[in-house]
Amino acid sequence: MSIETKESKKIIVLGGDGFCGWPTSLHLSNLGHDVVIIDNLSRRNIDNELEAQSLTPIQPMGTRLKAWEEVSGRKINFYNFNIATEYDTLLAVLLDEQPDVIIHFAEQRSAPYSMKSPKHKRYTVNNNVNATHNVLCAIVESGLDIHLVHLGTMGVYGYGTAGMKIPEGYLDVKVPTETGELIHQQILYPTNPGSVYHMTKTQDQLLFHYYNKNDGIRITDLHQGIVWGTNTKETMLDDRLINRFDYDGDYGTVLNRFLMQAAVGYPITVHGTGGQTRAFIHIQDTVRCIQLAIENPPKHDERVMIFNQMTETHRVNDLAHLVSDLAGGEVVYVSNPRKEAAENELYVSNDLFLSKGLNPTTLDNGLLQEVTDIAKKYAHRVDYSKIPARSTWTKEQKPGVPEKKTEKMV
C-alpha cells in the first residue's frame, strides 16, 4: 500500500498527535520514511480543560499506532514527553534516533486560546518559544546535520498588504545613504501579529534567522494559511486513524466551523462584517507541502527558506454564502471577539511551492460535501455550548454569541 520514495529518511515529527501532525506522520510513513513521533499529548489535555472534544472520535495514541501498523505494515515509534521543558530527554532522543529531518508542529496553535486569560497567554509563550529554542539548541549540541521544517503561520504578517502580494519571507528594500546613494537589501518581511499565538511565531522566525546565521542549521519555515478539511488518504484507511475535527470557538477553523454549523442546524456565525480576507489550504495539501519541503531542503550555506503554504484566499462572508448555498441554514452576524480591521484585502505569493510541483486543492463542492458528511455523521457528539467563540481580545469586548441580526441565505 505504501508508496516508496527515492530516498528514505529518518524523520522525527514533533507534535505528531495533532490536527496537522498526525496526518503528516502517516503520509510520510506511507512514502517509506522512518517516522518517529514526539508528543506530550497536550492537545488532548486542553480538550479536557475546555471540556470540548473533537467532533470525530480520536483514539488513544497506542490504538492509533497499532492501527497504522496493521493497515500499512509500517511502524511509527512514539515518545511521550514535553520538549519545552525536558531538554535533556530531547537531546538524548536526537542522539539515539539520528534523524535526517525534524518537523516541528509542537506549539499551542490557537489564537483564541492564547488570548483567553493571562494564564493562557503565558502558557502559549512559555510552551511555544521554549519548544522552538530547545529544538534549535539540541540540534546544535547534537552535532547532527538535521534539516528543521517548521509549521508557521501566515498570521505573522497580519492581514493588511497595501495592495502588494506578501512575498515569501523576504522583502526587497532600498536604503538611502547620507550621500543619496541607494543600497539594495533584503530583509525579513515585517511582522504584524494579531494575537499572542501569532507573536510567538514571529519570535520563532527571529530564532531561526539567528541559528541559521550563527550555527548553519538548515531550516525551512512554512507560513501556513487556515487549514480546512479533516481527513487525508491515509487517515481514511481505518476509522481508528481518523483525524481531529475541532469545532469549538477556540480551536475550530472558520470554514470547518461553518460546515459543521450548517450540518447540525446551528446558525452560521460570522464575526463582524465578514469582510476579513484569509488564506486557506486543505489538509491534504498541508501534508503534501511538508513532503515537498523535505524533498527540497536548503543547501548548507543558504539562509532560512520560507514558503507561503496556502492555495487560495477568500473573504469570510463569501465562505458563509458558499456554505449556506451548499448545506442550507441561515447566517448570523455576531460581534467580532478579535481586535482587527473590520475588512481587509490579502494578496499572497506562493510561487515556491508551485515551482516544486504542488497541484493545489481548491474549494469545490465535493470536498466541502465530504466535510459536511463527516459533521453529519458525528453530529450526535456536538456540544452546542462550545460552538460560540468566547475568548475576546480586550476586556471591553463581548463573546460572539448568535444573538445579533440574522440573514437568511437563499
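## Helix 1 and its surroundings

Gly32 follows helix 1 and has a positive phi, near 105°. This is a predicted model.

Helix 1 spans residues 21–30 and is mostly covered, with 10 of its 10 residues buried. The buried stretch begins with Gly21, Trp22, Pro23, Thr24 and Ser25, and it continues through Leu26, His27, Leu28, Ser29 and Asn30. What do the buried residues of helix 1 pack against? Their partners include three strands: strand 1 (10–14), strand 2 (34–38) and strand 4 (101–104). Helix 3 (61–72) and helix 9 (283–295) are also partners.

## Strand 1

Strand 1 is one of the elements that helix 1 packs against. Five of the five residues of strand 1 are buried, so the strand is largely enclosed by the rest of the structure. In a regular strand, side chains alternate between the two faces of the sheet. Here, Lys10, Ile12 and Leu14 point one way from strand 1. Ile11 and Val13 point the other way. Residues on both sides are buried, Lys10 among them.

Which way does strand 1 pair with strand 2, parallel or antiparallel? The pairing is parallel and runs over five bridges. Within strand 2, Ile38 stands opposite Leu14. Strand 2 also packs against the buried residues of helix 1.

## Asp47 in helix 2

Asp47 lies in helix 2, which covers residues 42–50. Is Asp47 buried or exposed? Its relative accessibility is 4%, and the cut-off for buried is under 20%, so Asp47 counts as buried.

The side chain of Asp47 has a polar partner. It makes a polar contact with the side chain of Arg43, at 2.8 Å. Leaving aside residues up to four places away in sequence, Asp47 touches Ala52, Gln53, Ser54 and Arg244.

## Helix 10 against helix 12

Helix 10 (residues 316–327) packs with helix 12 (residues 365–377) at an angle of about 75°. Their axes are 11 Å apart. Angles of 65 to 115 degrees count as roughly perpendicular, so helix 10 is roughly perpendicular to helix 12.

Which residues make the contact? Helix 10 contributes Leu322, Leu326 and Ala327. Helix 12 contributes Asn365, Leu368, Gln369 and Thr372. By class, the contact has four nonpolar and three polar residues. No charged residues take part in this contact between helix 10 and helix 12.

Note on methods
Residues are numbered from 1 along each chain as its sequence is written. This is a predicted model: local features need pLDDT of at least 70, side-chain atom pairs count only at pLDDT 80 or more; totals for chains, interfaces and linings use all residues. Side-chain values use heavy atoms; hydrogens and water are left out. Buried means under 20% relative accessible area, exposed over 50%, partly exposed in between (1.4 Å probe, protein chains only). Helices (H or I, at least four residues) and strands (E, at least two) are DSSP runs, numbered from the N terminus. Contact means heavy atoms within 4.5 Å. A polar contact is a pair of N or O atoms within 3.5 Å; within protein, one must be able to donate a hydrogen and the other to accept it, and residues adjacent in sequence count only if both atoms are side-chain atoms. Axes are lines fitted to C-alpha atoms, for helices over the stretch in contact, and angles run from 0 to 180 degrees between N-to-C directions. Angles under 35 degrees count as roughly parallel, over 145 as roughly antiparallel, 65 to 115 as roughly perpendicular and the rest as oblique. Ala, Val, Leu, Ile, Met, Phe, Trp, Tyr, Cys and Pro count as nonpolar, Asp, Glu, Lys and Arg as charged, and the others, Gly among them, as polar. Two strands pair if DSSP finds at least two bridges between them.
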